[in-house]
Amino acid sequence: AARIADAPILPRDEAFAITLDFQSDPTPEKVSLGAGVYRDENSEPWILPSIKMAKSVVERSLDLNNHEYLPIAGFDPFLKVARELVLGNYNTSNSHVLSIQTISGTGANHLGALFLAQQLRPRNVFISDPTWGNHFLIWQTAAPHVIQEKYPYYDAQTRALNFEGMTSMLENAATEGDVVILHACAHNPTGIDPTRDQWRSLAQVFKRKKLFPFFDSAYQGFATGDPEEDAWAVRHFHEVLFEDGPGNTPQGMCIAQSFAKNMGLYGERVGAFHLVLPQDTPSTGPYSQLLRLVRAEISNPPLYGCRLVYTVLSNPTIRAVWYEDLRKMAGRIKGVRSMLKQEIEKHENVGDWTHLTSQIGMFSFTGLSKDQVQRLRDKHHIYLMSNGRVSLSGANEGNVKCIADAIAEVVQ
Ligand code: PLP
């Protein structure tokens, strides 16, 4: 046996480290633009009105208010509405979908990586450069034999999507059965998504080369404020890849779905993994393998959050309130983007900040350097990721001018 005491010390996870550093900073004017969590206009956590309504329904319901174990796959009524939320009313004669409840989006990414590493055994997994840092870690731990390749995504010069670089990498370096992770909408950390035409052309590359798309859907409804709109890319891939039947398609596609952000249920850990297979692919084997992985890891998923999500999505009145909640969150972030741009550009020699308003979702990739980020923290008590990503939810009418003045000071 090895000596536990010899375990090498790893660096802290940056996202969580920033939050801790921020909390221990005694300066009253400090601002957190680090964590990817929504905050209201007073920088407070927001419990969605739709979730408050769902809570009271769950508490009053005999069927939903108990503490029994769920089945290994999770709460079936939840899985059904979750699947419909992301895939819409799809044509069930071309494909079928296996759904498993997971520990939020992270658990879904992890289950997917484990399952694909064992049953698809791809040579490579292609991950966008940059991406949510956990993608690398998850694939490293769950699928250590799969080679990680970064595909170009962000062009720092133009502050736009490097679509040509991305496509040519997938065309030239990816081979049949390779997995490609795609952010379904509101790409983290860049806030830049492909246009519909670009998604259309990507879907053709996946189809022709039989690449396996792995959609990470952590922000449905958060990007535009409309969950239908935000699901467009996933639904388009689903339609295009499976419409021709077997032979001309990849072996499948999958989706890691999170309800952390769009329902404000961060700590409840509600998510789902959906595996889409062509209609004539037998599903009993793959499904039994998924259940085996869940059994070994968590036996069965937690109850409370999935009951809330089920209630929101299945009750038309509460669902309508949720749509309103989404519009409110996305709308506030959009407003903050233009205020921040305006305030920064009031200063001289700060350059063009149009990217703030053209990017979408909770994050903006500011283009600030590591040194500038450090100065923002040391001199102005403003905390953000060292790659220059800001979470706009930490900004509001009260602090946006201070943030803008500080950014102007470090870039001038
Ligand atoms: N995927 C992306 C791209 C994310 O940004 C996040 C959260 O920040 C997640 C997945 C998963 O989050 P959670 O496990 O809280 O659902």
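**A tour from serine 104**

Select serine 104: it has 25 C-beta neighbours inside 10 Å, so it counts as buried. Here a residue is buried if 20 or more other C-beta atoms lie within 10 Å of its own, exposed if 12 or fewer, and partly exposed in between, with C-beta atoms placed from the backbone. What you have open is a predicted model: local features need pLDDT of at least 70, side-chain atom pairs count only at pLDDT 80 or more, and totals for chains, interfaces and linings use all residues. Residue numbers start from 1 along each chain, as its sequence is written.

**Stop 1**

Serine 104 is found in helix H4. Helices (H or I, at least four residues) and strands (E, at least two) are DSSP runs, numbered from the N terminus.

Now show the ligand. How many residues surround the ligand? There are 13, and the closest are Ser104, Gly105, Thr106, Trp132 and Ser258. A residue is near a molecule or strand if its C-beta atom, placed from the backbone, lies within 6 Å of it. Color the shell by element: helix H4 (residues 104-119) gives the largest share, three residues. Then color the shell by type: four residues are nonpolar, eight polar and one charged.

**Stop 2**

Switch to cartoon. An open sheet of seven strands runs in the order E2-E10-E9-E8-E7-E3-E4, with mixed pairing. Two strands pair if DSSP finds at least two bridges between them. At the edges are strand E2 (95-103) and strand E4 (147-152), each pairing on one side only. On average, neighbouring strands of this sheet are turned by 25 degrees against each other, direction ignored. Axes are lines fitted to C-alpha atoms, for helices over the stretch in contact, and angles run from 0 to 180 degrees between N-to-C directions.

Walk in from E2. E2 and E10 run antiparallel, joined by nine bridges. Pick leucine 98: its bridge partner in E10 is leucine 275. Eight of the nine residues of E10 are buried, so E10 is largely enclosed by the rest of the structure. Next, E9 and E10 pair in the antiparallel sense over six bridges. Methionine 253 stands opposite valine 276 in E10. Pick serine 217 here; its bridge partner in E9 is glutamine 257.

Bring H4 back into view. H4 packs on the sheet and touches E2, strand E7 (179-183), E8, E9 and strand E10 (270-278). Its direction makes about 155 degrees with that of E9. Two residues are in contact if their C-beta atoms, placed from the backbone, lie within 7 Å. Now select helix H6 (residues 163-173). H6 lies across strand E3 (124-129), E4 and E7, running at about 145 degrees to E4.

**Stop 3**

Where is proline 130 placed? Look in the loop between E3 and helix H5 (134-142). A cis peptide bond joins aspartate 129 to proline 130, with omega about 5 degrees.

Move to the loop between E7 and helix H7 (196-209), which holds proline 189. Asparagine 188 and proline 189 are joined by a cis peptide bond, with omega about 15 degrees. Alanine 186 is found in the loop between E7 and H7 too. Alanine 186 has a positive phi of about 50 degrees, although it is not a glycine. It has 26 C-beta neighbours inside 10 Å, so alanine 186 counts as buried.

**Stop 4: helix H11**

Select helix H11 (residues 304-314). Nine of its 11 residues are buried, so H11 is largely enclosed by the rest of the structure. Among the buried ones are Gly305, Arg307 and Tyr310. What covers them? The cover includes helix H2 (49-60), helix H3 (76-87), E2, E10 and helix H12 (316-345).

Finish on H12. H11 and H12 pack at an angle of about 95 degrees, their axes 5 Å apart. The two helices are therefore roughly perpendicular to each other. Angles under 35 degrees count as roughly parallel, over 145 as roughly antiparallel, 65 to 115 as roughly perpendicular and the rest as oblique. Show side chains: Thr311, Val312 and Leu313 of H11 meet Ile318, Arg319 and Trp322 of H12. The residues of this contact divide into four nonpolar, one polar and one charged.

Notes:
Ala, Val, Leu, Ile, Met, Phe, Trp, Tyr, Cys and Pro count as nonpolar, Asp, Glu, Lys and Arg as charged, and the others, Gly among them, as polar.
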